[in-house]
Amino acid sequence: MNNFLLISLSDIGVIISLIVIFGGLLWLLIRSIKAKEVDRRIIFIFIFVAVAAPILFPITFQESATEVVKGVYDKIENLPAGSKILISFDFDPAMAPEVQPMANAISAHALEKGHKIIFMSLWATGQALLSQTLETVVLPQFPEKEEFVDYVNIGYKAGNEGVLNVIVADFRQMFPTDVNSVPLDSIPLFYNLKSCKDLDMIVSIGGGKPGPKEWVLFVGDPGNIPMGVGVAAVVAPQLYPYYPKQVVGILGGVKGAAEYESEFVKNYSKFENMDTPGLRMMGPQTLAHMVIMCFIIIGNVIFFRSRRKGGAK
Amino acid sequence: MKKTAIIVTAVVMGLFILSWVLKANAVSATAESNYILRGFLVTIAAFLTLSVLSFLYKDNPFYKFAEHLFVGISAAFWMCLGFWSTIVGNLIPRISEGLSNAFKVPYIGGDWGNVLGIDIMNVVFIFPIIFGVMLIMRLSSNYGWISRWPLALIVGTTAGLNFVRYLQSDFIQQVSSTFVPLLGNNWTGFGDFLSNLSLDASGQLVLILANWVIFIGVFCGLIYFFFSKEHTGAFGKASRVGIWILMITFGASFGYTVMGRISLLVGRITFLFKDWLEIIS
Amino acid sequence: MKLKTVIFICLLLLATISVSAQEGTEVVPEADTTEQMPPPAPISMLTATDTDNDNGHSVTLTWEASPDDGQGAGTVMFYEIFRWVPLMRDTVEQVRSELANAEQELDIGDPTGEIKERRNRLRDEYAGLLSRYSDAYGQYPNNGIWKSVGVSPSGDTNFVDKGSKKREAFDYLPDYCDFYYQVFAVTSDDEIRTGSEIFGPVHSYGQLFNTGRIPIFAAVLFFCFMTIYFVQKAKKGADLYVRPLAGIEAVDDAIGRATEMGKPILYVLGLGTASDVATIASFTILGRVAKKVAEYQTALIVPTYDPIVMTVAQEVVKSAYIDAGRPDDFKEDTVHFVTQSQFAYVAAVNGTMLRELPATNVYMGKFFAESLLLAETGAVAGSIQIAGTDEIAQIPFFIVACDYTLIGEELYAASAYLGREPVLLGSLKAQDWAKAAIVILGITGLIAANLGWTYFTDLFQVMN
Amino acid sequence: MKREIPLFITFFVGVLLIIAVFIPPIENIEKTFTLFFDIIAVFAFFLGGGNLIRVHVRKLGDRKQDWMYSLVTLGGFALMLYAGLFKIGNDGGIAASVTAEGSWFQEIFNYVINPLQSTMYSLLAFFVASASYRAFRAKNKEATILLIAAFIILLGRTPFGMMLTGWIPDSFSIFQIPNLAIWIMNSANLAGQRAIMIGIGLGVVSMSLRLILGVERTYLGEEGK
């Protein structure tokens, strides 16, 4: 908790930009005690630097995982190796920047722990994004993992909640084959896997309908299967009532993804250099938020000082 | 004064051309065939991006240029889209088979049947054309008043639609969604109730408190919106609570949207650094 | 591990061979050699009725789940629904194929116009045949076919068989035609299934009134009654109070200020179209502002986003100038069109603000992401800013950046407030009563919900 | 006649559409009317385009301040109109989609409209900051509430929220700032939104009724009476 800034010392750019930003803010704060207003252009410069600097020199803040995010992480961490996990990609490209990092991090974590993953999607547009995760995370980072043994991609099936209703009782009814028409019965991973009830965990990642909520209501609850969910920030508040009874944890928005990534990277030094888009996207966000908060404080200091002085409004 | 303006413009133009040359050179390394055009397009996109950003400093000729270009091009953009999607896409297939063939769009008449060998749909869809022409009559000083007819049609249509739609979605459904259990669903005793203040479903007090806040908040908020009664006494107090609730709403929504706004800027700066300058990968 | 891999590779090979061997046909699971499972128990209590509150062409089925669905043997995977359709006396199919041929020939070319004539004749004939669909020839169980109309996952106990109302559509479901239904409980092996008892006859038909929407109908009547009652009351001279709205009071001062400073007033109508209620309310306020502006002889700038809005705004401003007795001062370019693109419009308005430095900016109508772009630039220009919108997401930005903000409904009320006409005030009063009704219903409903009286909350259920 | 007919049209169409909701055979009539609306709106583009040209040509003619920029507007307008209406560079001629990849129309959209549009939009990031600085000041009770709510939510979106309050035990996790932020979004924020929504809903209903009954008629270009 103490060293929340993960600064590689060699990265001078980071330090310079942080010094510039915070030194500048400190100077403005001191000035504000004399009740001097800040020109808007100075605020603009600060925002620009706060956003541009982390893009140029990736600054990542170590996110400490909140309880709800840790719920998902710990579940995957504590399952015995070889457990079967289903990850459903229920989102479209518009939502992807927010939730795909979650899918990537969770897949990497589960494979690293030696779990077996079944990938699927309830959205037609999710299939392409699923392949993206396979191509960018699974294949390059886990070359030793075999398709059909360690993971399988069963693709997309139309039918929304109807699909869920069927697979909670039998996969083969809805998915007679995987995405490349290989029969499930010939896939080792599916030898002892009849329905969702035989899974050890389900992770649904999405934000629309059908999505995590439907998974909880149609599969997680009736099948009594542990569920983890990752959702876009706007819908996150709606899922809280399900935690912790119906879902083991919730990843909400870019922040949720960043927290998960940081927890994962922290514990698996092997993945130190993994691409962590969630954390990367949080860099500009966090800095800019801090700059805005500092300016709110500066504004209030100026306001109170000038009122004490009895200056004109 | 004029001299500096000319110098600045010249310098910017020089940089622009330099960027174009460099960009075209960079693009030509890839398989792209017309790299000069491609380089120009990327450079102009970057130039326009910077022109708009320069507005943050103050109004200047580059911003004026970008603004006026934007207005002209976007106006024509929407006109073209409207023409192809609505007139050609929706109107022509319903009024004439010949025209449909000319524009190569599938004819969809006949849906509503024939009367005396004339397609009803062909006839009905003459109306919007007539009304459209009436609207243009506005340009005439003598018959301008006739443009009120299509206006009346438009307003009547949406008034009718809105009337029922809002009664349903805001009146009836919002009322029924305030029917929340104020005592919680699964009571687990006072001990749990007071000791567990977590956000999740096990925190009884927190959930129940949220329900109370919603309940009181909605009604005090509504009281604030009473126009025909003076806000004094108990009524005034409730209305004041209503304002507070509204203020929390506004503050919270503002804070919550900041994140999305920053992402937009991240997108633009990434464009400048990556697609234009290529200093990050 | 090694053994497993070998087996796996063999299986994979087998699978590929089998796939390539039966190209084009469905892949049949190879490895499944489990023993035959017993057929599931059938569903019971199948009933079918016309779907309520629709325009016909739809039948709703309900049943009680098979004992093997979920519980019992748990073998039921889904239900398949069959409908018995009577055949027609006339040779519909023949006419249909002739018609199709004619259409095809027509596509190739029709120099004499003969084919078109034949096509039209066939089309009429075909339509005539189909219109007599209901006096179909088949009489159950003769001269008809069983047609699969859909599946329903296990656990479901109802199904809506909804067909097209178009006669030429393949899923045409005629009204007033006797149908019979049967539902099969199907296991994971498609062959092992059990049919229910056959239910029929049943036919679909359209209703004239949608009873599912009675709550809305009641609300419509209630609202109309309230409005008319209070309008009548107001007309008879009852004094109706309206609380002052700070934003509207500020408009007059702002115009005065603009006159003193000799600077123009910028009025932005937002991105709404002429049919948005917020825009319509804004027209009334614009009328008021324009009248004052005409009286004080200040300049007014109204850039618009929508051409129709421009038209209306021109009319409104023009008549305001006439009302103020200065028709000659009205310039057509006061109200002008910018572009129908959100951010280009903002770019232009922002430019105007910094160049003309208006004393007052009024933003009334529908606003989206541009709200803060406008309001902040206005603040830079040093203008007094008054805003009003019904876009909930944008109100916070106006609240933060403007001097006065009309929140949501206040914008609509402003037009009644400015008008000060009894009819307008009457409708405002009715609106308040509706709000009171919401409060009362809400509290009652809340008590009901907490006491578990579901029949009260059910009253508010609106079907489709 | 100039006034009565439009009022009658509004009344007739409005009542027809209200009744249609309850009568299944004609419940889809609104789709036809919406389509009418779209088509009429396209005709209005002529008015808009005409006005745009007139304003800028006049500026050119009068040599008003910044008249040169009007040339840019008119040039851009003409160029885009040419590219779009004649589908320049679209493979497949008239049958091609107007926004086909590689067409002039789409290229101009990608490299001119799109950067301008998204940069304009991204200015919000700056304005959000300057507005927060200027307006979030504890001037009075209301402003203070606004400020506190915004500050808690902002803090909850950064790692600092957790750093400051992470020590609070889980059974009191509501006091951890990120959780408090979520709670506020779910309770007070929801209540306020709902109150505004109900108010707006009733306002729209009431205004629609006024329009249908012909009480509110400024849209016809006349003052209340």
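C:Leu357 sits in the loop that joins helix H8 (342-356) to strand S12 (360-366) of chain C. Helices (H or I, at least four residues) and strands (E, at least two) are DSSP runs, numbered from the N terminus. The model is predicted, so local features need pLDDT of at least 70, side-chain atom pairs count only at pLDDT 80 or more, and totals for chains, interfaces and linings use all residues. Residues are numbered from 1 along each chain as its sequence is written, chains are lettered from A and ligands numbered from 1 in the order in which they are written, and side-chain values use heavy atoms, with hydrogens and water left out.

The phi angle of C:Leu357 is near 45°, a positive value in a residue other than glycine. C:Leu357 counts as partly exposed because its relative accessibility is 34%. Here buried means under 20% relative accessible area, exposed means over 50%, and partly exposed lies in between (1.4 Å probe, protein chains only).

Further along chain C, helix H11 spans residues 409-419. Of its 11 residues, 10 are buried, so the helix is largely enclosed by the rest of the structure. Among the buried residues of H11(C) are C:Glu409, C:Glu410, C:Tyr412 and C:Tyr417. C:Leu411 and C:Leu418 are also buried. Just after H11(C), C:Arg420 takes a positive phi of about 55°.

Chain A comprises 11 helices and six strands. Its C-alpha atoms fill a box of roughly 80 × 40 × 30 Å, taken along the principal axes. Of its 313 residues, 58% count as buried. Contacts are defined by heavy atoms within 4.5 Å. Among chain A contacts with a separation of 6 or more, 75% involve residues 24 or more positions apart. The accessible surface of chain A comes to about 12100 Å², and 58% of this belongs to carbon and sulfur atoms. Areas come from the Shrake-Rupley method with a 1.4 Å probe; for residues, only the protein chains shown count as cover.

Chain A carries 27 positive and 29 negative side chains. The centres of the two sets lie 15 Å apart. Lys and Arg count as positive and Asp and Glu as negative, with His and the chain ends not counted. Each charge is placed at NZ of Lys, CZ of Arg, CG of Asp or CD of Glu.

The loop between helix H1 (12-33) and helix H2 (40-56) of chain A contains A:Lys34. A:Lys34 is exposed, because its relative accessible area is 55%. A:Ala35 occupies the loop between H1 and H2 as well, but is buried, with a relative accessible area of 19%. The phi of A:Ala35 is near 60°, a positive value in a residue other than glycine.

Chain B has 10 helices and two strands. Along the sequence, the pattern is α-α-α-α-β-β-α-α-α-α-α-α. Buried residues account for 53% of its 281 residues. Of the contacts in chain B between residues at least 6 apart in sequence, 31% join residues at least 24 apart. Chain B exposes about 12600 Å², with 69% supplied by carbon and sulfur atoms.

Helix H7 (residues 148-177) of chain B includes B:Asn162. B:Asn162 is buried, with a relative accessible area of 12%. Residues up to four places away in sequence aside, B:Asn162 touches B:Leu167, C:Ser275, C:Val277, D:Val204 and D:Ser208.
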